[in-house]
Amino acid sequence: MAKAPNGPTGKRGKGSKFIKFAPLVVPRARRLQTLAVFGWTTMMPLTLGFFFLVCSIPLFWPIIIPYLFWMIFIDQAPVRGGRKSEWVRKSRYWKWFAGYYPVSLIKTAELPPDRKYVFGYHPHGIIGMGAIANFGSDATGFSELFPGLDPHLLTLATNFNIPLYRDFLLSLGVCSVSMKSCQNILKQGPGAALTIVVGGAAESLSAHPGTADLTLKRRMGFIKLAMRQGADLVPVFSFGENDIFEQLSNERGTRLYKLQKRFQAAFGFTLPIFFGRGIFNYNMGLMPYRHPIVSVVGRPIPVTQVDHPTMEQLEEVQGRYIVELKRVWDDHKELYASGRTKELTIVA
């Protein structure tokens, strides 16, 4: 069983009228951790900006035009298992990234490599930093804890429409969350494993520190996928995922909540109004707080292959999944969620 590493956490400055600056002299390792997290959180705009810069130089057009044609019309990697590079996944960069919070992965049961698996990751949080550290890289030792499994973290298909950024995601083994992509991954046979952040955009609006409000009851797609492919379901609860950012109050019925839901209906994703710390201060910026994220992997839920599962069968499997997820919460909440303000709640 893996042990959660101890580490310093960020100092929240909520309610302070003044900016709390970080010391000028800090250990080099902490600076590298901050740089790694900053790099990941700005990866999308940086790669997009760099691409547009290159597009403005005619010298590169003979490269850019074929690349875009290949990306749009030919490349099927996002739905074919990605282009995973173990060198990228095991890069020291991800050790720095995971060490910032720190992120850790806890194993509670064996997952034999002669089975296929669908990991359900909870909660979504604002961005899902624990998901990328644990399943999008090998920073927390997934390959050692679960030898023989080939993990793929899934994300929105629209992310693969962004030049260069898409190629970085593919090198991590990240793939589209479309049904076609999921089926292609699981059809690879024993040892195939994918991770779905189940709550999605709707759940990110409930990501407030000290809470664990999950959007799960109406999420049947990943259950149906597992049953059709005969893949065991594995619930994962990440303690601390909701604690690395603050979010403006957006209770159901408020004007902000209604606006966010309209945006989600129109574009397929939503925009939580969040804030955290800065690079050189503790209480102003969009960097996440240094707060431990502990992802506990529950026991596998055996699933029998059914081509056309009925709603009754889906609800039965979902019920067993929820029972195991709640067991993970109950067994570990006193250790990893001692500062909670409420218990785990399935809100939708």
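C175 counts as buried, with a relative accessibility of 0%, in what is a predicted model. This cysteine takes part in no disulfide, since none is found anywhere when the whole structure is searched, and the nearest cysteine sulfur to that of C175 belongs to C182, 9.0 Å away. C55, by contrast, is partly exposed, because its relative accessible area of 23% falls between the 20% under which a residue is buried and the 50% over which a residue is exposed.

**The sheet**

- Seven strands form an open sheet with mixed pairing, and their order is β1-β10-β7-β2-β5-β3-β4.
- The edges are taken by β1 (103–107) and β4 (175–176), each of which has a single partner strand, so one side of each is left without a neighbour in the sheet.
- Within this sheet, strand β7 (residues 232–239) runs antiparallel to strand β10 (residues 293–297), and the two are joined by four bridges.
- F239 has V294 of β10 as its bridge partner.

**The helices**

- Helix α13 lies across β1, β2 (117–122), β7 and β10, and runs at about 30° to β7.
- Helix α11 (residues 221–229) and helix α13 (residues 311–336) have axes that come within 10 Å and cross at roughly 105°, which means that α11 is roughly perpendicular to α13.
- On the α11 side the contact is made by F222, I223, K224 and M227, while α13 contributes Q313, L314, V317, Q318 and Y321.
- Sorted by class, the residues in the contact of α11 with α13 are six nonpolar, two polar and one charged.

Terms used: Residues numbered from 1 in each chain as written. Predicted model: local features only at pLDDT ≥ 70, side-chain atom pairs only at ≥ 80, totals over all residues. Heavy atoms only, no water. Disulfide = S-S within 2.5 Å. Buried < 20%, exposed > 50% of the residue type's maximum accessible area, 1.4 Å probe, protein only. Axes fitted to C-alpha atoms, helices over the stretch in contact; angles between N-to-C directions. Parallel < 35°, antiparallel > 145°, perpendicular 65-115°, else oblique. Contact = heavy atoms within 4.5 Å. Nonpolar A, V, L, I, M, F, W, Y, C, P; charged D, E, K, R; others polar. Pairing = 2+ DSSP bridges.
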